[in-house]
Amino acid sequence: ITEGEKGSFAYWQNKIFYQKAKKVEKIIDTTGCGDGYTAAFIANYYKTFNIEESMEKASDYAAKILSHIGAN
């Protein structure tokens with residue numbers, strides 16, 4: 001579950017995972033940010049099967065998307 005600047009949560013086997021949102025100097029556009037987070041999470045999880053690492057990578061990618069115009 002992504003909650004913008006509040007971060008993101010994941011639930012697995014009765015455990016709750018939390019990832020703080022990455023700080024961005026200047027937000028240009030939020031279009032595609034949630035989709036980008038999801039794509040990055042799935043791609044990393046497929047390689048590592050590590051939820052916490054995948055959430056961190058996804059948060060990094062979402063922060064990059066915020067600094068560009070449009071969904072990238």
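This is a short tour of a predicted model, stop by stop.

**Confidence.** Colour the chain by pLDDT. The mean is 93, and 97% of the residues reach 70 or more. Confidence is highest in strand β2 (residues 15–19), at a mean of 97, and lowest in helix α2 (residues 51–66), at 95.

**Ser8.** Select Ser8, in strand β1 (residues 8–12). Is Ser8 buried or exposed? Its relative accessibility is 2%, so Ser8 counts as buried, the cut-off being under 20%. Now show Tyr37: its side chain makes a polar contact with the side chain of Ser8, at 2.6 Å. Beyond its neighbours within four places in sequence, Ser8 is in contact with several residues, including Phe17, Met55 and Ile1.

**Ile1.** Move on to Ile1, in the segment before β1. Ile1 has 58% relative accessibility and therefore counts as exposed.

**Lys22.** How many salt bridges does a search of the whole structure find? The search finds two. Select Lys22 and Glu56, whose side chains meet in a salt bridge (3.5 Å, N to O). Lys22 lies in the loop between β2 and α1 (33–48) and Glu56 in helix α2, so this pair ties together parts 34 residues apart in sequence. Then select Asp60, whose side chain meets that of Lys22 in a salt bridge (3.1 Å, N to O). Asp60 is in helix α2, 38 residues apart from Lys22. Show the three residues together: Lys22, Glu56 and Asp60 are linked in a network of salt bridges. Lys22 is partly exposed, at 29% relative accessibility, as are Glu56, at 39%, and Asp60, at 31%.

Definitions and conventions. Residues are numbered from 1 along each chain as its sequence is written. This is a predicted model: local features need pLDDT of at least 70, side-chain atom pairs count only at pLDDT 80 or more; totals for chains, interfaces and linings use all residues. Side-chain values use heavy atoms; hydrogens and water are left out. Helices (H or I, at least four residues) and strands (E, at least two) are DSSP runs, numbered from the N terminus. Buried means under 20% relative accessible area, exposed over 50%, partly exposed in between (1.4 Å probe, protein chains only). A polar contact is a pair of N or O atoms within 3.5 Å; within protein, one must be able to donate a hydrogen and the other to accept it, and residues adjacent in sequence count only if both atoms are side-chain atoms. Contact means heavy atoms within 4.5 Å. pLDDT is the predictor's confidence in each residue, from 0 to 100. A salt bridge is a side-chain nitrogen of Lys or Arg within 4 Å of a carboxyl oxygen of Asp or Glu.
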